[in-house]
Amino acid sequence: MAKSALLKSSIVKKYWMALTGLFLCLFLAGHLAGNLQLIFGTSLQFNEYALFMTTNPAVKLLSYLTYISIIFHAIDGIMLTIQNKKARPVGYAKTDGSSSSFASRNMAVLGTIILVFIATHMVNFWAKMHFDKNMPLMVKEIEVQGNKQKFYVGTQVGQFFPVEQVAKEGEKPDPVTMLPKQFVIKNKTELHYSQADVKAADLYKDLHKLTVDFFKDPKFGLAFTIFYVFSMGALGFHLWHGFQSAFQSLGVNSSKITPVIKFVGKAFAVIVPLLFAIIPIFLHLKK
Amino acid sequence: MSAAKNINITLKIWRQKNAKAKGSMETYKLDNVSTASSFLEMLDQLNEQLINEKKEPVAFDHDCREGICGMCSLYINGRAHGPDSGITTCQLHMRMFNDGDTIYIEPWRSKAFPVVKDLVVDRSAFDRIQQAGGFVSVNTSGNTIDANSIPVPKDDADKAFMAAACIGCGACVATCKNGSAMLFVGAKVSQYALLPQGKVEATQRVLNMVRQMDEEGFGNCTNTGACEIECPKGISLENIARMNREYLKASLK
Ligand code: HEM
Ligand code: SF4
Ligand code: FES
């Protein structure tokens, strides 16, 4: 095959749309499983998951594949849509939408909503988790001899460090006693002994708290929740058509298998966005 | 079926002098149209009226008027071949309409099907796609093998026959929001891909036909399925999937 056909041929563009789209469906399933811990897991479990997702090499590889897929899928999809618009320079005076579904006619609009959502989602969560200096560290309240005390949580089982024993990066010793605190935080998440420069533990970033605060924000929490739910609606419609469409693009269509694919696709399109959407609603309404 | 009666209708029809001219929708009143007449007979009646008024009659394509040649077209009230399924425009009857109806009649709209005049479009892009590979090469020097001497599984023969029912009318392109010709090309590719005689040239056929289709400026299929619903011959989306498979096989060779 001529090399240029890899991108130029209408059918090859469709293969790429389908492959990236289906890969993104897998990504959605994985991402959802993690997010559901915001409802069904403890904050520690969720933060463990967040740490795993930002550090595990296999996950890293998958996440790069995901970024590439989203970018490629979006560019390819927009190119296809522009070409398709050009294929009918003069439109009809009267149209009748009865021969195709709403979702199938609006994949580009739905996709663009998803793209905007992904961008805001990355800024609000991904970028904070990766780059924000003020990303909160996980703190757990434990009752010690009848008193509630706050502890930083280390990534090894059973590591707890009293918050009052830990100096912030660059914090001066107590002006009265002149004694430095026992620990100091370096490189955002590393707990070091302040006297000897030895690492005592790695601490969890508190993505759980960040997420809960985000959707409970007194000013914007409701707006964020509504936007999230709206975007999941767009995703649902995108998948309603997209899931089964991808199999057709790849040439899988027969009277035996297609009804199964269509059923699974519709179930996926309803269940996955619905479960995603329940999470911010749950967090927003949580006491 | 109720007895035929006469109805009065309003027509909004695309008029365009020639390929270069800028066209527009024009309104015509037509009275006493028998519901027993066909849609094209109704247009004949309109043209008689226009000729009597010394006006230019409306140009539209037609030939067999029995649903087998694929010449008639027309986008009627937003649907290719009008408001009925499994038929061509020449098979559409005025009993589908009511007294006082306004009926929109437009040409197929596609960059690859330029308007020649009024409702007539140039569908030679389909011919060029066919010429690019929609055939089998046969030795005609007198040693031609009878086609029936090659056994074909019944299921394949049926599917090939169903694909071969495509009359090349272009309704699929007209109705597709992307102006995609993939149902037509899918049918033409499938018709041969399923038969032993067609397998010999399968690789080049699908590559060449798809290349020609893209060059003609047809859009890309997004699997909306509108073509399958509007196709007068019931060509199924399975044919597009088969073309996609054939193309993948051919590309990997
Ligand atoms: C997690 C996010 C997404 C998933 C799971 C997803 C999934 C899919 C799937 C499975 C298809 C069907 C492919 C086919 O018909 O062969 C599709 C089509 C499409 N997607 Fe997405 N998509 C996502 C995000 C996006 C984004 C961000 C855009 C940006 C504009 C987009 C634009 C499109 C378009 C225009 C189509 C139709 C293209 C065509 O059928 O030719 N999608 N998507
Ligand atoms: S596939 Fe159907 S609609 Fe398209 S050209 Fe053939 S007969 Fe006409
Ligand atoms: S005129 Fe021949 S199919 Fe309609």
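Q: Which residue takes a positive phi in the hairpin of E1(A) and E2(A)?
A: A:Gln145 does, with a phi near 45 degrees. Two residues lie between the strands of this hairpin. This is a predicted model, in which local features need pLDDT of at least 70, side-chain atom pairs count only at pLDDT 80 or more, and totals for chains, interfaces and linings use all residues. Residues are numbered from 1 along each chain as its sequence is written, chains are lettered from A and ligands numbered from 1 in the order in which they are written, and side-chain values use heavy atoms, leaving out hydrogens and water.

Q: How do you know that strand E1 and strand E2 of chain A pair?
A: Pairing requires that DSSP finds at least two bridges between two strands. Strands are DSSP runs (E, at least two residues), numbered from the N terminus. E1 (residues 139-144) and E2 (residues 147-153) of chain A share six bridges, in the antiparallel sense. Six bridges meet the rule, therefore the two strands pair. Within this pairing, A:Lys140 stands opposite A:Phe151 in E2(A).

Q: What makes E5 and E6 of chain A a pair?
A: E5 (residues 183-186) and E6 (residues 190-193) of chain A have four bridges, again antiparallel. The rule asks for at least two, so they pair. A:Lys186 has A:Glu190 in E6(A) as its bridge partner.

Q: Why do E4 and E7 of chain A stand at the edges of their sheet?
A: The sheet is open, with four strands in the order E4-E5-E6-E7 (chain A) and mixed pairing. Strand E4 (166-167) and strand E7 (199-202) each have a single partner strand, so one side of each is left without a neighbour in the sheet.

Q: How do you know that chain A and chain B are in contact?
A: Contact means heavy atoms within 4.5 Å. By that rule, 35 residues of chain A are in contact with 45 residues of chain B.

Q: What is the area that chain A and chain B bury between them?
A: Buried area is the accessible area (1.4 Å probe) lost by two parts on being put together, summed over both. Here the figure is about 3300 Å², with 53% on carbon and sulfur atoms. H2 (10-35), H5 (57-86), H6 (102-105) and H9 (221-249) of chain A, helices by DSSP (runs of H or I, at least four residues), each supply at least two residues of its side. H2(A) gives the most, with five residues.

Q: How many salt bridges and how many polar contacts cross the interface of chain A and chain B?
A: A salt bridge needs a side-chain nitrogen of Lys or Arg within 4 Å of a carboxyl oxygen of Asp or Glu. The count across this interface is zero. A polar contact is a pair of N or O atoms within 3.5 Å; within protein, one must be able to donate a hydrogen and the other to accept it, and residues adjacent in sequence count only if both atoms are side-chain atoms. There are 24 such residue pairs (both at pLDDT 80 or more).

Q: Why is the meeting of B:Arg123 and B:Asp61 called a salt bridge?
A: Their side chains come to 3.2 Å, N to O. The limit is 4 Å, so the pair qualifies. Two salt bridges are found between domain 1 and domain 2 of chain B.

Q: Where do the domains of chain B lie?
A: An automatic or database assignment sets the bounds. Domain 1 is 6-116, and domain 2 is 123-139 + 148-252.
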